[in-house]
Amino acid sequence: MTAGRAPRRAVAAASRSRQPTEVRRRLIAEAAVPLIAERGSAAVGVRDVAAAAGVSVGTVTYHFESVREVLSEAMVLHIERYYGALSASVDRTSRAAEGLRLLIDALFTDDTDRHWRMWFDYWHAGDRDQAFARGQAERYERWHDEISTLVERGRDEGDFTCADPADFAVRFAALVDGLALQRLRQVPPLTTTDARRHLYRLIEAELESGGTKTSA
C-alpha cells in the first residue's frame, strides 16, 4: 500500500447502486411482451424470458415465483399500455364522432394483430386463473364505460342518437372481439378494412341520425 494513502474500504451493500425490485420486475416483464405476442404464452419459458431480458434465469426466478407470473405481468402491462394510449388519443379529439372513428381505425391495423394475440391469450388464461379472470372483468368494465361515455358525449354534441349508451357499448365491444378473433383465424378471411367497415355499419345503424358521419 502506498505510504500516506488511506486504505480503501468496501462500499456497504446498502449504498451500492442497484435497480429497485419493481424496476427489475418491470424490465423482465417488458422483455416478455414481444415473446408472447409472437409465440403465445404457452410457448414461452423462463429461459426465453431471461435471454430476452439479458439476465440470468436465477434473476427471473428471484423476482417472480413462476413463469406464469412473468407472463401475467407482461400481458397486463401490454394491455394497460395499449388501451391507455388509445383512450388518451380519443380524449384529445374535438368531437366524439371523430373519437369513435379514431378508435375503430386504431383497433384494426396490420400492427394490431399482435395485440389481439396477446388479448386472446390473456382471455383464455382466465379459464385457469382467477387473478386473470378478475383482471379481465375489470378491463371489460372500463372498456364498456369508455365506449358508453364516448357515445354520451356524441349525443350531447348532437351527432349521435342513442337511448342506452351502456347497452350499445356491450354490442360494440362484443363485435370488436368477434371481428378480432376472425381476423386472427382468417376463417372466413377478414381484412382490416372489412373489420372497420362492419363497425362503421353498426355506428351508422344505431347512432347516426343525420349528424356528422363517422365513416369515411
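## What counts as a salt bridge

A salt bridge is a side-chain nitrogen of Lys or Arg within 4 Å of a carboxyl oxygen of Asp or Glu. With that in hand, welcome to this structure, which is a predicted model. Across the whole structure, a search turns up 16 salt bridges. Let's visit a few of them.

Arginine 139 is buried, at 5% relative accessibility, while glutamate 146 is partly exposed, with a relative accessible area of 31%.

Arginine 139 also forms a salt bridge with glutamate 80, where the closest N and O atoms are 4.0 Å apart. Arginine 139 sits in helix 7 (residues 130–156) and glutamate 80 in helix 4, so this pair ties together parts that are 59 residues apart in sequence. Glutamate 80 is partly exposed, with a relative accessible area of 34%. Through shared partners, salt bridges join Glu80, Arg139, Arg142 and Glu146 into one network.

## A link between helix 1 and helix 4

Next, look for arginine 25 and glutamate 69, whose side chains form a salt bridge at 3.5 Å, N to O. Because arginine 25 belongs to helix 1 (residues 21–39) and glutamate 69 to helix 4 (residues 67–91), the pair ties together parts 44 residues apart in sequence.

How accessible are the two partners? Arginine 25 has a relative accessible area of 17% and is buried, whereas glutamate 69, at 26% relative accessibility, counts as partly exposed.

Definitions and conventions: Residues are numbered from 1 along each chain as its sequence is written. This is a predicted model: local features need pLDDT of at least 70, side-chain atom pairs count only at pLDDT 80 or more; totals for chains, interfaces and linings use all residues. Side-chain values use heavy atoms; hydrogens and water are left out. Helices (H or I, at least four residues) and strands (E, at least two) are DSSP runs, numbered from the N terminus. Buried means under 20% relative accessible area, exposed over 50%, partly exposed in between (1.4 Å probe, protein chains only).
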